[in-house]
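I opened a notebook page for a structure that was new to me. I wanted a plain record of what I looked up, in the order I looked.

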Amino acid sequence: MRFIYLTDTHIGANPVGYHQQPAYPDKIAQLLDILKDDISNESVDFVIHGGDMVDYCQPDVIQFANEQFTLPVPTFLCLGNHDLDRKDALDVWMQHAPNLFVNASPNFKIIRDSFVIHVVPNQWEEGYEYYWNESGAQFPHFTNMQVKQLIKTIEKHPDKKHIIITHSPVFGMDKEQSGLDEVLHNVPAQFQQTFKNLVNTYPNIKMILSGHSHFNTIKQIEETLFVNVSSFVETPFNYKIIDITDEWINIETRQIDRNKLDFTPMYNKERAYVQGKNKDKNLLWYF
Ligand SMILES: [Fe+2]
């Protein structure tokens with residue numbers, strides 16, 4: 001199985017909000033046009049978007065984003081906080097872009113012979129589901145029902161390997177990677193604990209994929225990889241090609257060919273840690 005994972009395209013952002021490198025969400029059509037070549041050349045099965053496809057939830061922005069993501073293979077979306085910045089967000093998505101989900105549900109799975117990919121968008125607000133209040137404190141968590149469903153599916157497929165995709169990362173960036181004084185974008189201990197419990201009980205969860213913080217990191221804990229991915233619309237326009245077999249996972253970070261762009265993107269070299277070194281973005285791992 002081979003798929004492309006990219007995230008945080010923030011389509012519609014004007015002005016650009018949170019970013020780690022110069023961001024070009026208005027160039028999405030061009031970036032995806034170039035990506036299409038890779039999809040065809042690499043025989044990718046599907047594309048998964050890790051969330052914040054749009055910068056704010058409005059029907060016209062979602063329709064535009066959905067048109068842009070008409071690629072040679074299906075695109076699936078794990079909703080992010082920016083995708084959910086109004087209380088009826090889920091209805092808006094299911095009305096205007098149901099094709100990005102399976103069975104019109106924000107939680108869904110992609111099942112193959114030896115793998116299950118679980119798309120489980122984390123929640124952000126206490127007392128609300130699928131809603132992010134921009135001015136509130138971020139509280140990434142799963143509902144009890146989400147955890148229950150996840151466990152049920154894992155137990156139903158004990159011989160398969162499992163991958164969980166959620167928008168919020170489980171870990172920040174280590175000081176060693178950033179060279180900064182503290183962990184960048186640290187994550188509340190409670191969310192980390194949810195995953196520690198899951199992977200301790202189910203070591204056949206082999207990988208967690210996330211986005212949100214717009215940087216590349218790879219962390220291995222016991223039998224599980226925690227992989228975060230930088231924003232697709234920020235220079236150098238990274239995305240991942242992920243190959244999975246019964247025996248190994250290969251994670252390869254690629255970037256859009258700059259020579260094919262009709263503009264000259266800026267790059268902040270002082271934040272090269274956002275892209276990371278080879279070990280922070282590429283890995284061949286035998287189970
Ligand atoms: Fe986000």
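**Entry 1: ground rules.** I number residues from 1 along each chain as its sequence is written. I am reading a predicted model, where local features need pLDDT of at least 70, side-chain atom pairs count only at pLDDT 80 or more, and totals for chains, interfaces and linings use all residues.

**Entry 2: the whole protein.** I looked up the secondary structure and found seven helices and twelve strands. Helices (H or I, at least four residues) and strands (E, at least two) are DSSP runs, numbered from the N terminus. The radius of gyration is 18 Å, close to the 19 Å that the globule rule gives for 287 residues, so the protein is as compact as a globular protein of that length. For that entry the radius is taken over C-alpha atoms, and the rule is 2.2 Å times the number of residues to the power 0.38. I noted that the C-alpha trace spans about 50 × 40 × 40 Å along its principal axes.

Next I looked up burial. A residue is buried if 20 or more other C-beta atoms lie within 10 Å of its own, exposed if 12 or fewer, and partly exposed in between, with C-beta atoms placed from the backbone. Of the 287 residues in the protein, 44% are buried.

Then I looked up contacts, which are pairs of residues whose C-beta atoms, placed from the backbone, lie within 7 Å. Of the contacts with a separation of 6 or more, 72% are between residues 24 or more positions apart.

**Entry 3: one sheet.** Two strands pair if DSSP finds at least two bridges between them. I found an open sheet of six strands in the order E3-E2-E1-E10-E11-E12, with mixed pairing. Strand E3 (75-77) and strand E12 (283-286) are the edge strands, each pairing on one side only. From one strand to the next the twist averages 20 degrees. Axes here are lines fitted to C-alpha atoms, for helices over the stretch in contact, and angles run from 0 to 180 degrees between N-to-C directions.

I followed strand E10 (residues 238-244), which pairs with strand E1 (residues 2-6) in the antiparallel sense over four bridges. Ile4 has Ile241 in E10 as its bridge partner, and Tyr5 stands opposite Lys240. On its way onward, E10 is joined to E11 by a hairpin through three residues. E10 and strand E11 (residues 248-255) pair in the antiparallel sense over seven bridges, with Asn238 partnered by Gln255. Five of the seven residues of E10 are buried, so E10 is largely enclosed by the rest of the structure.

**Entry 4: another sheet.** I also found an open sheet of six strands in the order E4-E5-E6-E7-E9-E8, again with mixed pairing. Its edge strands are strand E4 (108-111) and strand E8 (217-221), each pairing on one side only. The twist averages 15 degrees from one strand to the next.

E4 and E5 form a hairpin with three residues between them. Four bridges join E4 to strand E5 (residues 115-119), and the two run antiparallel. Ile111 stands opposite Val116 in E5. Elsewhere in the sheet, strand E7 (residues 205-210) and strand E9 (residues 224-228) run parallel and are joined by four bridges. Ile208 has Phe226 in E9 as its bridge partner.

**Entry 5: helix H3.** Which residues of helix H3 (residues 89-96) are buried? I found Ala89, Leu90 and Trp93. They cover an arc of only 100 degrees around the axis, which puts them on the same side of H3. That arc is of the directions from the helix axis to the C-beta atoms. Helix H2 (59-68) is among what covers them.

**Entry 6: the core.** A nonpolar core is a set of buried Ala, Val, Leu, Ile, Met, Phe, Trp, Tyr and Cys residues joined through C-beta atoms within 7 Å. The largest has 65 residues, of which Tyr5, Leu31, Ile165, Ile208 and Val227 touch the most other members. Not counting residues up to four places away in sequence, Ile208 touches Ile164, Val170, Phe195, Thr224, Phe226 and Val227.

**Entry 7: Phe115.** I picked Phe115, found in strand E5. Is Phe115 buried or exposed? Phe115 is buried, with 20 other C-beta atoms within 10 Å. Leaving aside neighbours within four places in sequence, Phe115 is in contact with Met1, Lys160, Lys161, Ile163 and Ile244. Phe115 and Gln177 are 62 residues apart in sequence and 31 Å apart in space, C-alpha to C-alpha.

Terms used:
Contact = placed C-beta atoms within 7 Å.
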